[in-house]
Amino acid sequence: MAPSRSSSVSAEEPEEQQQKSRSRREMRDKAERVVQEPRCANEVFDLLELLQAEKERDVLCALSSCDHIFSTLLHRGDLYVGKLPKEEDLITGSYSAQEKYAMFMRHRYTNCVQLLVELLEHEAFAVKENTLCTLMKFVSLEAQQPLEATDWDGHRCFPRDLLKAVVGGLLSQKEDMALLISRFQEFLDKDDVRYYTLGIVNDSIGRVMAQARGGVLPVYQNNVFTLLSNINMPKKEQELRNFLLSHRSHNHEEWKPSKLKEHKRAFERLWFSFLKHKLPSGLYKKVLVMLHDAVLPHMSQPTLMMDFLTAAYDIGGAISLLALNGLFVLIHQHNLDYPHFYTKLYNLLEPSVFHVKYRARFFHLANLFLSSSHLPVYLVAAFVKRLSRLALTAPPAVLLMILPFICNLIRRHPACRVLIHRPDMTDEPTKDPYLMEEKDPALCHAMESSLWELQTLQKHYHPDVVRVAMAINKPLSEQEDDLGELLELSGYELFERDIQREQKQTETVPTEIEPATQLLQGSGGLLGLHFSLE
Amino acid sequence: MGKPQKKSLADKVRKTKTSTEIKNNPFEVKINRKKFDVLGQKTKHDVGLPGVSRSKAIKKRKETLLKEYKLKDKSNKFIDRRIGEYDNKMAPEDKILQRFALERQRTQGKRNMYNLNEDEELTHFGQSLADIEKLNDVVDSDSDTEERGLLSAELTASHFGGGGGLLRKKASGESGDEGSQKAKSRQELIEELILKSKQEKRERQTQKEEAQELTEKLDQDWKSIQSLLAHKAPKAERKEPEEKPTPDEYDITVRELAFDMKAQPSERMKTQEELAKEERDRLQKLEADRQRRMQGDVEEDSTTKQTFLSADDLNDGFILSKGDQRMLSYHDGKWNLEEEMKEGEGDDQEEGEEDDDSDDDSGEEQDEEDSDGESGHSDLESDKDSVQEGGDEDGSATQEAPTMPHSSLSEEERLAQQEAAKAELPYTFTAPVTYSDLKSLLSGHSTEEQCVIVERIQKCHHPSLGMGNKLKLQKLFGFLLEYVGELATRCPPELSTVNKLVPQLYGLCQLFPDAACKAMQTLLTDSAHDMAEAIEIKGRAALPGLDMLIYLKITALLFPTSDFRHPVTTPAMVYISQLLTKCHVSSLEEVTAGLVLCCLAVEYVTLSQRFVPELISFLLGILHMAVPKKQSLGYCVVPPFRPSGKNSDLLTVCNMAHTESWSRKTLPLSGVQGLKLQNDLERDHYRLSSLATCLDLLKRCISLYKSLPSFNHIFQSIRILLAEHLPVKGYPTIIQDLHREVLEAVSVAPVLHTPLVFMKRKPIPLKLFTPKIVEVLDYGKKRGSSKEERERERLKHKYKREFKGALREIRKDTRFLAREKLSEIMHRDSERKRKVKQLFGSLASQEGEWKALKRRKK
């Protein structure tokens, strides 16, 4: 990325003003000189100074120059390797000229990295992006040509400090770094980078949140979450092949980043430390949305998330709905036993359930939960009755989903058929015995009721709803209705379906018989009664 | 005789014994053994009765073959044609009766048919025709007919009787004694007939002439005596006229009715095309006239001067004097009616008012038009009375105009006329190709003029007038809709213009329902799409502008809302529902828009009484906004409303003191776009008006949904809210009354339900096997593949069988004949033997006698 960026900059050159192009050319010459001739090494100071310039263009130029200089030097191995003596000691110490040069350049390199990390908070995104690319380029070069002496432990050879600096810059506490983090994602494809990043972020959370002392840091947490959600965990050990570090140099078995288990453990640790702290409510929802498919499968012990999920489930409202998904994974795959689960699910059914964004997900799960044939009849009946009662406030797109849902429940549990067919009762009309306010599905008398709500909906204004509601007049067919498409049906889709419905070719569109003479007339002039043409 | 007796033993048996006896007799029965038993097959021939069948066959042969045989070589035969001679079923009495009847018919009918005046008397008005004939003896045609009748009687007999029995019988009757002349040829017979008829005719003519002569003579005799009776006759004449001229009312009316104009076939009704063509021609003519006037060459001749005709003119001769038109003027926000009343004349007042709206152009133009109109007016009246005209005119700005001599217009007036012609609307318009065309056509015109323009565009491009017109008008509908939308989005919205354009839209919609449907659908789709996008991006959408509300209302006006499924109204309803569920209400403007939507929703379902859940939820949400304390609610509001939050107390009245000065007003539709409410007082009043509207809508919903099974549950939240949370106490009495009404209607006793049962349905019939259809073949095995081949096979088989049967029959016939012949021979022989014996016997006795005689002699 970085070379292409520099080339694009050079392509733009002819269009720039002459002065600008001259200064740039000068700068490039300077960089070239620094690289070629050790004599001119001092000119690197000019470049480093320029990195702090006001103008975005200057900064970019300096950036590309620095990139050029240090990547060449790193590549050539001209930087000093090993423990770096202090700058002051340089003169006093007895080193050869070559060593001195290497040390000097190494110091400049350190300076440059510091400046670059600061640049990560620059206001221009182009600068930030270029900086990130440059830094990551350094990371990769350092990984190949380690600046530290190789240790027997694999850790040593990975430039952790540099990466830590980068990640620390990314997880800003002041601004939303979502864009930059998404740029960073491509570097996370490297397995070792990912592994070390996990550890670094974990440390960072511990350090930063300790300062917050129980409060929330929305920006920081958001950044962390963005980073976390951008991590694509590998699924198999065989996938772990894409390393930045050439692993020919050390024994592969011992090296932690090459083990999936280690990855998982790091991942899990990171998530725990992240979720341990209080989350802002918007972030809470986001976490819950992705938890079940992006997090839980990659944990070594998903059941540890149980506490978090049950706490979320108890909160109520939309958060409960979302926690359901994670809970389902735990119950389904990890044998979680959850007492009063269905009672809670029953109490989640509120009128707002039909209007929230996660409606499809919720009903998909509810469908799964209620598909068990081992559920007691009273429970299913309570669900059916409650859903049909709530359907009295639902928009048509939801009705088209919820009515087949109800019918499916009755089909699955034939004992619930009494809700729509109770021939043995005396014909005396009764009040509806169902208690909507009762929290316990066992006590709500749903079994003694009938689905008069569906009968009401047979008078609904939408023809499709009427058609579906009419299904309860006849014995239900054996085949269950397919809910797949209906779950996602939105109001607009329903509208489009109605618009695009084929009119019979022969028929013309029927028109109103009563001639219209005024805007506010018609249908008893109701509009005219309440509103005036002003 | 012995042998034949023996032969017909079977016959004898059959005759003497009943059929059951025969069937029970085992010796008579032959059982045909069957090879297979086929289930359900009925066989005719399992039991045979050979004796019986043989006797039957013999009997049949005796009746047919034997008779033939006996009649062989005989040339003549005797046929008895008497009625029922060979009919055994007829009772002898019947036979006799019918024969007798026929006999009578034969003797009577023949003569009656043609001899008109022999037996029956024909009458006319109760008088015998014969008598009349005798009186008016001038008729010789009568005699002719008589003759023709007579003639034809015999002629027809000879022609159609085929020269058969009838004629012969008659002839024989007539010439019974002339037995020798019997053998006459046909030719001769006819000649004879003609001769006879001519003779008769001549005789009659002479008779008549004689009679005429006699009557003439009598008449002359009478005239000679008449003078003697002269004094009597005039009296009789005088009497008659006295009786006649006393027609009573009845007579008069009868006569009137008689001479009354009968319904004459009038000119046919004009077809729509012709009407349209006429209309267009008229408009074109007017346009040409207008052009001419614009050019300025006014015809000086007053008598031929064209009078101005409005496009709305009924052509009934009623002329609106332009001078009476006044500008619509407002004084302190009130219509300046009184002043006009004072100024104007009574009869023209209404007309003036109607047209006032149209002419709010610049004042100058109005004046000039006035002058133009006046001159026209004066031209009209000039023929009658030129002095009076000054008095007719009102004393408005251009007073000098009427005083000018009408025949020569002044220069400045001519100029004025030119101006007026320019200001007038053209009569033909080109149909707009783009929306901006239409806009430029309509811009700068008043509401009325815009209507007229649209109307004229429509008339000029009636679909029957040209090929492309249909498309143009269809486009026009779309443009008009767009224009309406633009009018509604203007600030302030020009809703009165929209109001006037509605009939035009309706008319176009009636002409092209499909195009109108398409246009409406496009509008709805666009808007719904925008909303869907907004929801996608922001998670919520704003309520639509006034234009969309107007469109929805127009949809309800143009298309039937009560259809179960309609390509426009159903999506429109879905769209309304979307708006009611997805759009957040965050200001009083949006409350207004929401209430308009609710109104529309109620209107959409008023006829069909269908259930709209969103409507109730939305009204609940609106009412919830008026609840001051949001804690411990016994109900839950449905999104987009929130139980508490930023905009959840939009409608709470902030100062209860303001309620006293409130009076119920209709909300302005322009409130959707923006409200100019300066202070808390106005805002509170607006809130109260909204609440009143909301409650009234609720009342209507309740009456609509009263019959629904879940009525109580639908309105439960609303009941709780109204009963416990709404601060009614502080509201004005009108709202309190409304509130009480609604609450009473809602809190009726809970509806009792009968448990649901499935609908009864017909039991499913048992499944039946479809029968296997096997072709029945005459012959045993199926042979031949194709149809023709099979048919041939069948025919061959049939032929074979028939052939065999015929052979058998022939054999039996010959056997029978042989037997008959034999029996005949035997019979003859025996007869002969008997006779010989007899002869021999007689001879022997003779001999014996003779011998005895001889012996005695001896």
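A:Asp481 and A:Arg411 form a salt bridge, with their closest N and O atoms 3.4 Å apart; a salt bridge here is a side-chain nitrogen of Lys or Arg within 4 Å of a carboxyl oxygen of Asp or Glu. This pair links distant parts of the chain, 70 residues apart: A:Asp481 sits in the loop between helix 21 and helix 22 (484–487) of chain A, and A:Arg411 in helix 19 (residues 396–412) of chain A. Helices (H or I, at least four residues) and strands (E, at least two) are DSSP runs, numbered from the N terminus. A:Arg411 is buried, with a relative accessible area of 16%, whereas A:Asp481 counts as partly exposed at 30%. Buried means under 20% relative accessible area, exposed over 50%, and partly exposed in between (1.4 Å probe, protein chains only). Side chains of opposite charge can pair when their charged atoms come close.

The model is a predicted one, in which local features need pLDDT of at least 70, side-chain atom pairs count only at pLDDT 80 or more, and totals for chains, interfaces and linings use all residues. Residues are numbered from 1 along each chain as its sequence is written, chains are lettered from A and ligands numbered from 1 in the order in which they are written, and side-chain values use heavy atoms, with hydrogens and water left out.

Over all chains, the salt-bridge rule gives a count of 35. B:Lys459 and B:Glu455 form a salt bridge with their closest N and O atoms 3.2 Å apart. Both residues lie in helix 21 (residues 447–460) of chain B, four residues apart, about one turn of the helix. B:Lys459 is partly exposed at 24% relative accessibility, and B:Glu455 is partly exposed at 25%.

The second example joins the side chains of B:Arg828 and B:Glu824, at 3.9 Å from N to O. These residues are separated by about one helical turn because they are four residues apart in helix 33 (residues 787–857) of chain B. B:Arg828 counts as exposed, with 51% relative accessibility, while B:Glu824 is partly exposed at 36%. Elsewhere, salt bridges that share partners join A:Asp464, A:Arg467, A:Arg497, A:Asp498, A:Arg501 and B:Arg565 into one network.

The size of an interface is often given as the accessible area lost when the parts come together. Chain A and chain B bury about 7100 Å² between them, 67% of it on carbon and sulfur atoms; this buried area is the accessible area (1.4 Å probe) that two parts lose on being put together, summed over both.

The rule finds two salt bridges across the interface of chain A and chain B. B:Arg565 and A:Asp464 meet through their side chains in a salt bridge of 2.6 Å, N to O.

A:Ser532 has B:Pro668 in strand 7 of chain B as its bridge partner.

Chain B as a whole has 33 helices and seven strands. Of its 858 residues, 33% count as buried. One of the charged residues in chain B is B:Lys95, in helix 6 (residues 92–114). B:Lys95 counts as buried at 18% relative accessibility. Leaving aside residues up to four places away in sequence, B:Lys95 touches B:Ile83, B:Gly84, B:Glu85, B:Asp87 and B:Met90.

Conventions. Two strands pair if DSSP finds at least two bridges between them. Contact means heavy atoms within 4.5 Å.
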